[in-house]
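Here's a quick look at a model, with an eye on its charged pairs and its surface. Have the structure open as you read.

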Amino acid sequence: MSFREVNDDILKEIWEYRDQTEFAYMTKEDKKHMIYFDEITEKILNSIPKQNRKFVRQQLNKLDDNFSDYVGYWSEKYYRNGFCDGAEMIIGCLDK
């Protein structure tokens, strides 16, 4: 098993724990970099004919879900690889 692969393992559990604790509290700076999806969705929906709103809302929700999955996957992979790199450096130092 490679810890570099995004799997359900101890690193995934750590990532989920941090997401529920550390990342749950946002600073003012964090809030400046948020994607305000709901506000953007409402502005788009208010600018199109009513008969198209249901379809457009569905597509925007799919886009939001897809973007969240994309960001989550790549963030986990990035941090996971950083953790593995750090662990390998420490192990390399201990082996010498």
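The side chains of Arg57 and Glu42 come together in a salt bridge, 3.4 Å from N to O. Arg57 sits in helix 4 and Glu42 in helix 3, so this pair ties together parts that are 15 residues apart in sequence. By salt bridge we mean a side-chain nitrogen of Lys or Arg within 4 Å of a carboxyl oxygen of Asp or Glu. Helices are DSSP runs (H or I, at least four residues), numbered from the N terminus.

A quick word on the source: this is a predicted model, where local features need pLDDT of at least 70 and side-chain atom pairs count only at pLDDT 80 or more, while totals for chains, interfaces and linings use all residues. Residues are numbered from 1 along each chain as its sequence is written, and side-chain values use heavy atoms, with hydrogens and water left out.

Searching the whole structure turns up two salt bridges. The other partners are Glu29 and Lys32, at 3.0 Å, N to O. Both lie in helix 2 (residues 28-32), three residues apart, about one turn of the helix.

| Residue | Relative accessible area | Class |
|---|---|---|
| Arg57 | 36% | partly exposed |
| Glu42 | 35% | partly exposed |
| Glu29 | 42% | partly exposed |
| Lys32 | 60% | exposed |

Definitions and conventions:
Helices (H or I, at least four residues) and strands (E, at least two) are DSSP runs, numbered from the N terminus. Buried means under 20% relative accessible area, exposed over 50%, partly exposed in between (1.4 Å probe, protein chains only).
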